[in-house]
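This report describes the structure shown below. It treats the overall fold, the nonpolar core and the salt bridges in turn.

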Amino acid sequence: MDLTTRKQALEARRAELTGHLAKVEHTLDAPMPKDWEDRASERQGDEVLESLGRAELDELRRIDAALERIKAGTYGICAACGERISEARLDLLPAAPLCKTCAGAAAG
C-alpha cells in the first residue's frame with residue numbers, strides 16, 4: 001500500500017470538503033429575504049445545506065482520524081480486531097477504520 005498516495009488523496013478530499021463547508025456556512029449566514037414565500041423556500045434550501053454540512057463534517061472527522069492513523073503507523077489496520085483492512089476496501093473508503101468483517105458486525 002502506498003501511504004503517500006493515500007495521504008495525498010485524503011488531504012485533497014479534506015481541502016475540497018473544507019472549501020465547500022466554508023461556502024455552505026457563507027450561504028447559511030446570508031440574510032433572509034423579506035418576502036414570506038421566498039423566505040420559506042430559502043429555509044428549505046438551508047435545511048438541505050445544513051444536512052449536507054453535517055454529513056461533510058462527519059466525513060472530515062473520518063479523514064482527520066485516518067490522517068492521524070497514517071501518522072501513527074496504524075493506517076490500514078482494523079481498529080477493532082487488529083487485522084489488515086483490504087486494499088479494495090481502502091480504495092472504496094480511504095478513511096475506513098474497520099475491516100469489512102468488523103464494520104458488518106458493528107452495523108448489524
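The following paragraphs begin with the fold and proceed to individual residues.

**Overall fold and confidence**

The model is predicted. The protein contains 4 helices and 0 strands, following the pattern α-α-α-α along the sequence. Its mean pLDDT is 86, with 80% of the residues reaching 70 or more. Among the elements, α2 has the lowest mean pLDDT, 81, whereas helix α3 (residues 87-92) has the highest, 95.

Of the 108 residues, 23% count as buried. Among contacts between residues at least 6 apart in sequence, 51% join residues at least 24 apart.

In soluble globular proteins, nonpolar side chains tend to be buried together. Here the largest nonpolar core has 16 residues, and L10, I63 and Y75 have the most contacts inside it. Helices α1 (3-29) and α2 (36-72) each supply at least two residues of this core, and α2 gives the most, with 5 residues.

Beyond its neighbours within four places in sequence, L10 is in contact with I63, A66, L67, I70, Y75, P94 and A95.

Y75 lies in the loop between α2 and α3. Y75 has a relative accessible area of 5% and therefore counts as buried, the cut-off being under 20%. The side chain of Y75 reaches the backbone oxygen of P94 at 2.5 Å. Y75 and L3 are 72 residues apart in sequence, yet their C-alpha atoms are 8.4 Å apart in space.

**Salt bridges**

The model has 7 salt bridges.

| Salt bridge | Closest N and O atoms |
|---|---|
| R13 and E16 | 2.6 Å |
| R14 and D64 | 2.5 Å |
| D58 and R61 | 2.9 Å |

R14 lies in helix α1 and D64 in helix α2, so this pair ties together parts that are 50 residues apart in sequence. R14 is partly exposed at 30% relative accessibility, and D64 is partly exposed at 29%.

The other two listed pairs each lie within one helix. R13 and E16 are 3 residues apart in helix α1, so about one helical turn separates them; R13 is partly exposed, with a relative accessible area of 27%. D58 and R61 both lie in helix α2, 3 residues apart, or about one turn of the helix. D58 counts as partly exposed at 36% relative accessibility, whereas R61 counts as exposed at 54%.

How values were computed: Residues are numbered from 1 along each chain as its sequence is written. Side-chain values use heavy atoms; hydrogens and water are left out. A nonpolar core is a set of buried Ala, Val, Leu, Ile, Met, Phe, Trp, Tyr and Cys residues joined through side-chain atoms within 4.5 Å. Buried means under 20% relative accessible area, exposed over 50%, partly exposed in between (1.4 Å probe, protein chains only). Contact means heavy atoms within 4.5 Å. pLDDT is the predictor's confidence in each residue, from 0 to 100. A polar contact is a pair of N or O atoms within 3.5 Å; within protein, one must be able to donate a hydrogen and the other to accept it, and residues adjacent in sequence count only if both atoms are side-chain atoms. A salt bridge is a side-chain nitrogen of Lys or Arg within 4 Å of a carboxyl oxygen of Asp or Glu.
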